[in-house]
Amino acid sequence: MKRFWAAAAVLLSLPCLSIAQTNATENASFPQSSCVSKASGFKNSLQARVYPRIDGTDTLVLFDPKGGFERSFQNMERYRLLAAKAMAVADGWAVFGVTEKGGKPIGFVVQYMLGDPDTKTCEVLPSSPEIALVNDMPPTILKQYAEMLANDDSGNEFAIRSRLAQMFTKNKEDENAPKIITDDAPLTVEPNFDFEKSTCKAPAPEFPRAIAVRVFPSLSNLTQLTLRDGMTEWKPDLSGVHSNTSASFLLYGARDAWAVYAMTPDNQFRVQYMAGDASGKSANCIKVPDKPVDVSIEGMALTAVSMYLQRLTGDNSGTGDELRAKLKKFVAGAAAPADSLGPSPLMHLPQPVYPFLAAMQLCDTNEDVSFQDNFLTIEDIDGDGDDDYLFDMKGVRCVGKDGRDHGITGNHAAGLTILTTTKNGIVKVFDEPVFSAEIRRFKGYATAMISYEFSMNDHPRKYLIFKDGKVTKAKKPQNGGKVVYRFGIE
């Protein structure tokens with residue numbers, strides 16, 4: 001899969017290039033490159049060898065045949081184009097660095113460097129480092145950064161990208177644009193992964209029962225807008241979008257793009273694609289097309305199919321084809337759901353959380369499920385820097401066909417479910433009916449004091465320690481720490 005890292009034309013000036021190195025020995029080790037000194041300003045620098053090709057008459061493309069990414073530079077004079085190509089063949093590199101705020105990593109930058117083995121000089125393209133989005137990073141480099149920054153390179157490519165993106169979002173303390181750790185550093189804006197924070201978040205009347213799916217735009221043939229979601233190579237038909245609109249959508253959408261779906265009263269689907277301004281400098285929202293359009297289940301992003309199945313049936317397990325078949329079956333056999341099916345509090349949860357909730361079978365099959373504000377608490381309970389998820393089952397409402405509203409736990413106990421995030425994924429560490437609980441956060445672990453009677457002061461009680469997804473029992477409560485969650489305690 002190729003990813004363009006820039007679409008705008010760039011007029012380059014490379015005054016020191018020569019073509020003498022055309023037959024020079026290829027350098028495959030960055031420490032031996034003529035460009036080593038140029039990379040000294042990058043924080044936590046990593047490098048990927050890139051190779052050149054010429055597109056048309058004036059475009060230099062630098063690409064990594066192993067990593068599946070490329071960057072194009074247009075409007076180059078012929079002499080400079082040939083000279084840059086020769087340098088890249090001998091000694092061409094994509095040099096990556098880390099952006100920081102308050103000593104914490106919040107993003108990546110990249111600059112391309114071409115060395116001349118004969119003159120021992122180095123030229124950089126472009127003149128200043130540019131933003132490298134998490135979703136556009138080459139997999140090999142991304143995996144190294146996952147180990148370097150998060151001490152965790154486990155999982156597939158999508159899991160690693162999601163883990164780093166969540167870490168960067170968490171490390172960013174405010175919306176002020178941080179500076180890149182290099183000389184002449186431009187400002188950078190981190191991608192947004194929360195639709196509620198997008199400038200496109202206000203739901204339009206034509207979006208009943210809306211679901212927003214984060215999508216990632218690119219340009220094919222430098223003019224045609226294409227989109228992909230985080231699960232598949234799905235691409236919608238956007239052939240009618242004007243090239244100017246495509247460029248604007250790409251500019252905004254690289255950091256804040258969404259496919260917003262609606263489910264009509266007769267169980268049909270509509271979609272509109274939106275790109276917001278993640279910089280916070282405007283309230284702009286670019287919409288493609290101008291109004292929502294009908295979309296078949298086959299044409300929907302697989303992420304959207306999975307989210308609708310979770311909301312409508314509680315079951316989003318299976319392959320892509322199986323998920324689409326399940327949604328088709330539901331649409332064909334179900335009466336129009338009640339308008340009470342509003343935005344789900346689960347729509348922004350990571351996909352790995354969904355199977356846990358589906359397995360709980362929160363309500364009977366003939367009942368509609370809804371969630372109150374107290375249902376979900378997201379908190380780092382064990383001090384490892386990752387979000388953990390605490391579910392108060394008193395916040396689940398099951399509404400029968402007769403309109404009666406009741407919870408799922410009865411009159412004497414309420415269910416508490418705790419999922420913790422570990423380097424190996426999300427793990428369920430607690431799932432029991434209790435009367436009260438108190439969770440304290442320590443560095444690297446959490447403690448829980450659980451009561452099964454009316455008060456925390458009554459017996460029986462038990463004391464638990466949650467660490468790295470494992471649960472151990474303690475004989476007595478541990479002093480200290482910080483109380484981060486209370487259940488059933490006024």
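The buried residues of helix α5 are L302, T303, A304, V305, S306, M307, Y308, L309, Q310, R311 and L312, where buried means under 20% relative accessible area, exposed means over 50%, and partly exposed lies in between (1.4 Å probe, protein chains only). Eleven of the eleven residues of this helix, which spans residues 302–312, are thus buried, so α5 is largely enclosed by the rest of the structure. Helices (H or I, at least four residues) and strands (E, at least two) are DSSP runs, numbered from the N terminus. After α5 comes G314, which has a positive phi near 75°.

The model is predicted, and local features therefore need pLDDT of at least 70, side-chain atom pairs count only at pLDDT 80 or more, and totals for chains, interfaces and linings use all residues. Residues are numbered from 1 along each chain as its sequence is written, and side-chain values use heavy atoms, with hydrogens and water left out.

A search of the whole structure for disulfides, each being a pair of cysteine sulfur atoms within 2.5 Å, finds two. One is formed by C35 and C122, whose sulfur atoms lie 2.1 Å apart. This pair links distant parts of the chain, since C35 belongs to the segment before β1 (46–49) and C122 to strand β7 (residues 121–132), 87 residues apart. The torsion about the S-S bond of C35 and C122 is about 100°, so this disulfide is right-handed. C35 is buried, with a relative accessible area of 0%, and C122 is buried with a value of 8%.

A disulfide also joins C200 to C285, with a distance of 2.0 Å from S to S. Here too distant parts of the chain are linked, with C200 in the loop between α3 (157–171) and β8 (211–220) and C285 in strand β12 (residues 285–294), 85 residues apart. The link of C200 and C285 is right-handed, with 115° about the S-S bond. C200 is buried at a relative accessible area of 4%, whereas C285 counts as partly exposed at 25% relative accessibility. The loop between α3 and β8 also holds F195, which is buried, with a relative accessible area of 8%.

For salt bridges, defined as a side-chain nitrogen of Lys or Arg within 4 Å of a carboxyl oxygen of Asp or Glu, the count comes to 13. Among them is the pair R270 and D294, whose side chains meet at 2.6 Å, N to O. R270 counts as partly exposed at 26% relative accessibility, while D294 counts as exposed at 61%. A salt bridge is also formed by E298 and K328, the closest N and O atoms being 2.3 Å apart. E298 lies in the loop between β12 and α5, and K328 in helix α6 (residues 320–333), 30 residues apart.

An open sheet of five strands has the order β23-β22-β21-β20-β24, with antiparallel pairing, two strands being paired if DSSP finds at least two bridges between them. The edge strands, each of which pairs on one side only, are β23 (470–474) and β24 (482–487). Strand β22 (residues 461–467) is joined to β23 by five bridges, and the two run antiparallel. Within this arrangement, Y463 stands opposite A474 in β23.
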